[in-house]
Amino acid sequence: MSSASSFGGRGSSNVGSSSSAKKKFVIKPYRSAPQVDRASALETWSNLRRAIEEIYNQDASLLSFEELYRSAYNLVLHKHGEVLYTGVQSCVESHLTGVGETVSKSPDASVMKNVSAAWEDHDLKMTMVRDSICMYMDRTYVKQQKKKPIHEVGLQAFREKIWERKDIRGRVERVLLGEVAREREGELVEKDIIRSV
C-alpha cells in the first residue's frame, strides 16, 4: 500500500512538472562557408604544389588524393581558379625544364630512348595530376575562362621544354634517320622506340 501511495503521490507531481517546463526550440541562421582569402589560397596552393612534386618524384604513396581534390575544389569554388591553373602550369614547366636538361646530356645512342621514357613518365604523371587535383577546375574554371585543359597544357609544356630543344630534337631526328637507314639495309632496330618518338 505504501508503495502504491508513494507511486501515486510524489512520482506523479515530478512527471507533471517536467512536461510543463517546455524547452524553447531555436532555429539558427544558415552560416555560409567561410570565404578563402588570397593568403589562404596561396597556402593551399603551396600544399598542392608539394603534392605535385611528390607525384613527379614517384613518392605519392602517402598522399590523400581525396584531400588534394577537395583542396583544389575549394580553391576554384572560392574564385581562386587562376591561382591553381597558373600554379600547376608553372610547376609542370619547372619540372620539365629539369627533365630537358637531363635528357639533353644523354649520349646519342640513348637520346631517343630517354625522350620516349620522359614522355611516357610525363603523360602518366599529368594524368594523375589532372584526375586527382585538376578535374573540377577543368570542368568549371577552364571552360568558363576558355583556357586549355590542364592535360593539354602539359602536352604543350613537354613540346616546348623538351622536344623543341635544339640539342634534343635535332639529335633525335638524326638518330631516327640513321635507324631507318639501318633497317633498310636489313639490320634489326628497336621499332617500339622509333614508333614512340
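I began with Asn74, which counts as partly exposed because its relative accessibility is 30%; buried means under 20% relative accessible area, exposed over 50%, and partly exposed in between (1.4 Å probe, protein chains only). The model is predicted, so I took local features only at pLDDT of at least 70 and side-chain atom pairs only at pLDDT 80 or more, while totals for chains, interfaces and linings use all residues. I number residues from 1 along each chain as its sequence is written, and side-chain values use heavy atoms, without hydrogens and water.

I placed Asn74 in helix α4 (helices are DSSP runs of H or I, at least four residues, numbered from the N terminus). Asn74 and Ala41 are 33 residues apart in sequence, and their C-alpha atoms are 8.9 Å apart in space.

Of its 43 residues, Leu84, Val88 and Met137 touch the most other members. Helix α6 gives the largest share, 10 residues. For Leu84 I noted contacts (heavy atoms within 4.5 Å) with residues including Trp45, Ala72, Ile133 and Met137, not counting residues up to four places away in sequence.

I then checked for disulfides, pairs of cysteine sulfur atoms within 2.5 Å, and the structure holds 0. For Cys91, the nearest cysteine sulfur is that of Cys134, 10.0 Å away. Cys91 counts as buried at 3% relative accessibility, and Cys134 is buried with a relative accessible area of 0%.

How values were computed
Core = buried A, V, L, I, M, F, W, Y, C linked by side-chain atoms within 4.5 Å. Helix = DSSP H or I, 4+ residues; strand = E, 2+ residues; numbered from the N terminus.
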